[in-house]
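Open your viewer and keep the sequence panel beside it. We will go from one selection to the next, and at each stop I will tell you what is there.

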Amino acid sequence: VGGRLPLIVVLSLTSVAGILVMLFAEKITQTHAALICFVSFGILDISHDALLTPSRAFITDTSTPTTKETHHSLFSSAQTAGRLCALTLGALPLTHFGIFHGSDEAIVFRSLMSAAACVVAVSCAVSVLCGIWFLRQSHPPTNSTTTEADTTLPTDAPAFDWKSIAPLITLQALGWVGYMVVCFYWTEYVGVTEVLSGTKGGVRTALAGLAVQALCGCLSGALTPRLNTALG
C-alpha cells in the first residue's frame, strides 16, 4: 500500500501542473501558446490515465475479498460522477447565471480549470491521508520479538494466465474504441458550438450528450455488483 502513495502524489502534481500551464500558456509566450497547451494537456491526460493503475491497486490492497468488487464499483461510479459534473458545467451557459452572469467565456473557462486543479489537489491530499491512516491501522508498531514467519510473503500465488485475462483485455479495448467513437460523434459531427433550442442562454448539445453518457456510466457502475450477484 505504501508504495502506491508516492505514485498518486507525483501523478496528481503533474496533473495540477498541466492544468496551471494551460491556464497561463498565453502569458508564458504568445508565439507558442498553442503548442504549450497541447503539451500540457498531454501531460494532464497521461497523468489522469496513469492515476488509475495505483488507485485501482490501492483499492485492491485495502479491500477484503467480499468488499473488493463493491469498492471497485464505487470507484468507477465516482469516476463517471466527476465526469458528469464537469460535462454538465461545460454544457450549461454559465455566463447567464450566478457569479458568472455577464462574464466573458474566457473567465468562465479559467475559473472552471482552476476549480479542477483544486479538486485534484484536495483529492490527492485526502487519498494520502486515508492511505497513511490505513497503513497505521493495518501495520501497528511491533516489538523486536517479531519472527521471520511474521514477515514472510506467501509463495503459492497462482501463475499469471494470459488466456484467462485475454477476454477482459479485448472487451476493454473494444469498449474504449466505442467510447471514443461516441466522443468524436458529439464533438466533431454535432459540434461543440451547437446549442439546444429553447434553452436559456443555449445549452451546448455536444457536452449535454456526453453528460448523458457519463450518467449512464455512473448508474451502470453502481449496479454492477447487483448484476453480478443476480447473474451468478
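Contact here means heavy atoms within 4.5 Å. Thr80 is found in helix H4; helices (H or I, at least four residues) and strands (E, at least two) are DSSP runs, numbered from the N terminus. Is Thr80 buried or exposed? Thr80 counts as buried because its relative accessibility is 18%, and buried means under 20% relative accessible area, exposed over 50%, partly exposed in between (1.4 Å probe, protein chains only).

A word on what you are viewing: this is a predicted model, in which local features need pLDDT of at least 70 and side-chain atom pairs count only at pLDDT 80 or more, while totals for chains, interfaces and linings use all residues. Residues are numbered from 1 along each chain as its sequence is written, and side-chain values use heavy atoms, with hydrogens and water left out.

Now colour the chain by pLDDT, the predictor's confidence in each residue, from 0 to 100. The chain averages 80, and 89% of the residues score at least 70. Among the elements, H4 has the highest mean pLDDT (87) and H2 the lowest (78). Over residues 144-154 the pLDDT is below 50, and this stretch has one contact in the model beyond near neighbours in sequence.

Next, zoom out to the whole chain. Of the 232 residues, 25% count as buried. Residues 24 or more positions apart account for 63% of the contacts with a separation of 6 or more.

Select residues 33-61 for helix H3. Its 29 residues reach 42 Å from the first C-alpha to the last, close to the 42 Å expected at 1.5 Å a residue (the expected span is 1.5 Å times one less than the number of residues). Buried residues in H3 include Ile36, Ser40, Leu44, Ser47 and Leu51. An α-helix has 3.6 residues a turn, so residues three or four places apart point the same way. To see what covers the buried residues of H3, show helices including H1 (4-23), H2, H4 (68-91) and H5 (105-138).

Last stop: select Ile28, which lies in helix H2 (residues 25-28). Ile28 is exposed because its relative accessible area is 52%.
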